[in-house]
There are 2 protein chains.
Amino acid sequence: MSQVVSTKPKPAIVVDTSKSPYALLHPVALNDVRLKDEFWLKRQKFNREVTLPSQFDSIEATGGLDNFRRVSGRKEGESSFYGFYFNDTDIYKWLEAASYILATERDPELERMMDICITELAAAQRDDGYLDTFYELERHDERFTNPDMHELYCAGHLFQAAVAHYRATGEDRLINVARRFADFICNTFGTRESGKRPWVDGHEEVKLGLIEMYRATGEQRYLDQAQYFVEARGYGLARRKDPEYCQDHKPFKEMDAMVGHAVRAVYYTSAVADLYAERGDEDYKETLEHLWKNMTEKRMYVTGGIGARYDFEAFGKDYELTSERAYTETCAAIGSVMWNWRMLALEGEAKYTDLLEWTIYNAILSGWSLDGRGYFYQNPLADDGTHRRQTWFYCACCPPNISRLVASFASYIYSVSDNTVWLHLFADSQLDTTLPSGQKIKLSQQSNYPWEGKIGITIESAGEFSLKVRIPGWCDRAPDVTINGQAVSETVKTGSYLELSRNWQAGDSVELDLPLEIKFLEAHPYVLELKDQIAVTRGPLVYCLEEVDNKSFDLRDFVVSGTAKDVRLEPSDDLGGVTKLKLEGEVHKKAFEGLYRPVEEAKYSASKVSVTAIPYYVWANREPGRMQVWMKNKI
Amino acid sequence: MSQVVSTKPKPAIVVDTSKSPYALLHPVALNDVRLKDEFWLKRQKFNREVTLPSQFDSIEATGGLDNFRRVSGRKEGESSFYGFYFNDTDIYKWLEAASYILATERDPELERMMDICITELAAAQRDDGYLDTFYELERHDERFTNPDMHELYCAGHLFQAAVAHYRATGEDRLINVARRFADFICNTFGTRESGKRPWVDGHEEVKLGLIEMYRATGEQRYLDQAQYFVEARGYGLARRKDPEYCQDHKPFKEMDAMVGHAVRAVYYTSAVADLYAERGDEDYKETLEHLWKNMTEKRMYVTGGIGARYDFEAFGKDYELTSERAYTETCAAIGSVMWNWRMLALEGEAKYTDLLEWTIYNAILSGWSLDGRGYFYQNPLADDGTHRRQTWFYCACCPPNISRLVASFASYIYSVSDNTVWLHLFADSQLDTTLPSGQKIKLSQQSNYPWEGKIGITIESAGEFSLKVRIPGWCDRAPDVTINGQAVSETVKTGSYLELSRNWQAGDSVELDLPLEIKFLEAHPYVLELKDQIAVTRGPLVYCLEEVDNKSFDLRDFVVSGTAKDVRLEPSDDLGGVTKLKLEGEVHKKAFEGLYRPVEEAKYSASKVSVTAIPYYVWANREPGRMQVWMKNKI
């Protein structure tokens, strides 16, 4: 297993803005954080013990690794390619996820599987650095003839996996493969003036990979190449009839709305944020902010999910947000987290962290079954009981994407800047790191989040530094914040970071009491199907109704009564341990024959009922039935 | 031009159920009807003088005919195929449309173009009867290896064109081409037991063509072959991962909902209705009725449009009927007319005629611009001003489909059975035909439909026969019906055919006074986005609001006041001459920041406005702007 982990691991940083001149916040390494959180440890245990091994089995069973073996000649037989043409990325994302796990703990079985993957893909790389099993097996003479055929998408995921592996394990076999492919790309594509081939990536991923490769290796040409791919975009090089689909309809700085394939769109904005972090250019930042506003104020589901349309897996128009046909791909939500994390690094604004957290709890975790073996590609906000998690997909992008997010969760809890430590997410954990100022810090966080709002922070080693704690924007009112039992003198504002600058003593204790109040949310009136409807939330969680809890009536006829204050909490061990909600309301069944009729006074049969709501992220883990997030609050 | 029209034309029947043992109604030939209607003559004139010539030009310009020329070697050059792989059908549908025109009137220019088409396609037919330019040019050795590649779809449209041409002109050059291809198909595909290849059509069309070929030629094997293709369906022969897409998920008799690609679905049900007309089998009829009920009560727009989804151009689930993203392909509406026409022939029920008429006025005419040169593929029920008619499409199925429907309009006005003449549609026209009983009849119809409800029917030659007149289901109340000024003694019921059996004298005059009242329709409460909304109709027309008429506010903020009785008529010469409607209401703009917020008491700014509504079928003929069919009637 010496091929997988060296004796000298690097700091296992997930997105390394630690030296980026235009980044305000810098990351902490995975191995500087010890996660002790019940909610997350349980998920990480599943990820490691069930999900990643079963994904490896699925990849083997569907021929994903055999594609590499046939390219290298390490497996005989017919030379045709198995599966979807960008299958290679399933392995790359899987390797990235496994690397994040190894950053904090050895695991011989995982290392054995990683070794198989790395050995096979290294053997399949061509002498010139090219690596794409679909083209090698199916279209040998057609390399880079169609920008939409994902060769650069595969490359980008290889780069991300290689960097993650290198940083987590110190071993350079995989990053050497990546370097050879990256060099090939840098030598091949560029402006005509530079004597290279003008080209852009179809599914946008390679830019993210190249910038991270630059950060890991110091090779500036990788950053230059990423910048080229950003700047070349918007002039039709992607050669699509519908260039909006892959954001090739106009140059980035001219974009005014989030359009096209949602995953591509947020991978693109993430890459531009990375580029800004390295090179600046206020136009990029302004465009990013404008696009973020368009997405969050016009084109996002209440879960944080994005991409309304099944056709082309795309963003819809403003306010086009149907619940039952919501596409809301798990990967798009993950891309949104990637983007928000980078915006947070640039600006240090709590609104990005709020959305990052909200998206993880409500639009990503929903994509993964409680038993760790099932996945949603789409995460609709209503369903008739037919949409169920699958164990694998022909296009299996989402499963390993969830795994790499879950495996890297600890990296999103804290950041550092100058002499400041930022506390973004609430999770039982310990941080042991050094600030850019040189100040060593050690602190721990205690919570039973997201079920309880009390958060404790214990300073474990003395020092003079600032602690910036996020006060979530979803708090109705500023929470009580105390240090050693005394209310702080600073003004506590929701939706911002509370800065506590002290000469801290070991044992100092900060306490936040976040008000996890239940809320009824309403939507903008132009989201037509949400007229007179509410969504129920508590803290960072969106709730939903499931038929299995409410069998005596059709959920579509339910009308909630009263206000959020009338809702009762119901802690429970079900569904992995969740706090359920009990709502009162009435069932109003409208007498209606056929589909259309002249307007008449409505006749209803009405009856009082109590309903049970569960967190949205755990839906579809019991028997199939109707589900809905939104419920009527007016007949 | 002798190649196009012979001196002995056949009765130009569009769907010939005149000898079908299980059909109750029989058609009248196009050349038995003389259309004098202002509304329709104007459209037919455009169709003939502008639309068909410009379609011919588009077909030539996009290489559609050159594909045939390159197969036959009548044009040199590279052998690659132009355009979409089932382009051949554009020419076939165009020929079908042109044939219907020639059924009643010669037209040298049209005949010249038809001659070019027929000459080229006859020259391109292979010796074994096969004819498909995409396969000949691109995949010569792959004939019939993929059921979804439309070879049989092309064949079916060839057959329909050939039959139409033969019946309208008496000339047999085109039908001889069709016979050779039909023979090839009959010799090739069938059950394994018969020594043939099991196969089904991907895009369902060939069955319709084969049955009409049987009717035109008397060749029973064509009917047998159509029956084989119906019976072979539902067992996965179409080889799709998602067999519902092409209705191959279960045998027809087990289908319980309209699913999959909408055009395919209604072409399928149309073919099964044709099969029932020839061969009986009550299970087929029962399934057809059940599916019709599912479509009309759960899966149809208020315009009659069908196919809610952009993805796969498919029917949605029950009540999945979003307005702005309605796909409602023009071809699907045409397919619905085809199906309703066949159901009417089987059962003589007015509900089918009601829907046929409603669909023509509201879901098909909308697909064609008033200048005759622009087409909609999708016919949404709301729009932000960006959906505009195009002069042609890469997939140009809709334009010639509209043309063949418009060109054959006269064939849907009347039917006959035994000693009865059926009057289905209201249009100024003259009928001169012979009933199956042998009774000769001559009558004329006078109307200014759809703008006025007064319909006159003049018996022009004496005889003892029944006249069955449709009393539309959209009438609020039974209309006054008189004969020679005297109220009839028969009970007049809306949504049925009123049978008037008399010993008619020449000059007898029947008058109907259909109440063209304005109505506010509401939708089933499970169509979520239509909560508290109404659609305005008058007679057979659905109305809509367009921004160009109502610029002082956002249509989405409009709330109509009062009832349908408060709406005023406003006849106008605009838009080709339409009756507009004037509605009173208020603009309620809700103060709302962002996309979601905790429920609060709504604050509105309100102002009174009058709005102008126009018939939906003429929308998007002026400057671009927002349009919506549904409007709020409650804040």
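In chain B, an open sheet of 5 strands runs in the order 1-4-5-9-12, with mixed pairing (two strands pair if DSSP finds at least two bridges between them; strands are DSSP E runs of at least two residues and helices are H or I runs of at least four, both numbered from the N terminus). The edges belong to strand 1 (26-27) and strand 12 (496-504) of chain B, each with a single partner strand, so one side of each has no neighbour in the sheet. Within this sheet, strand 4 (residues 414-417) and strand 5 (residues 420-423) of chain B pair in the antiparallel sense over 4 bridges. If you want a spot to look at, Ser415(B) has Trp422(B) of strand 5 as its bridge partner.

A word on the ground rules: this is a predicted model, where local features need pLDDT of at least 70 and side-chain atom pairs count only at pLDDT 80 or more, while totals for chains, interfaces and linings use all residues. Residues are numbered from 1 along each chain as its sequence is written, and chains are lettered from A and ligands numbered from 1 in the order in which they are written.

Buried here takes 20 or more other C-beta atoms within 10 Å of the residue's own, exposed takes 12 or fewer, and partly exposed falls in between, with C-beta atoms placed from the backbone.

Now over to chain A, where strand 7 (residues 440-447) has two faces. Ile441(A), Leu443(A), Gln445(A) and Ser447(A) make up the covered one, while Lys440(A), Lys442(A), Ser444(A) and Gln446(A) make up the uncovered one. On one side, 6 bridges join strand 7 of chain A to strand 6 (residues 429-434) in an antiparallel run, with Leu431(A) partnered by Leu443(A). These two strands form a hairpin with 5 residues between them, and Gly438(A) in the turn has a positive phi of about 105°.

Strand 7 of chain A also pairs with strand 8 (residues 454-459), antiparallel over 5 bridges, and Ser447(A) stands opposite Ile455(A) there. This hairpin has 6 residues between its strands. In that loop sits Pro450(A), joined to Tyr449(A) by a cis peptide bond with omega of about 0°. Chain B has a cis bond from Tyr449(B) to Pro450(B) as well, with omega near 0°.

Asn484(A) lies in the loop between strand 10 (480-483) and strand 11 (486-487) of chain A, and counts as exposed because it has 10 C-beta neighbours inside 10 Å. In chain B, Asn484(B) has a positive phi of about 50°, and with 11 C-beta neighbours inside 10 Å it counts as exposed.
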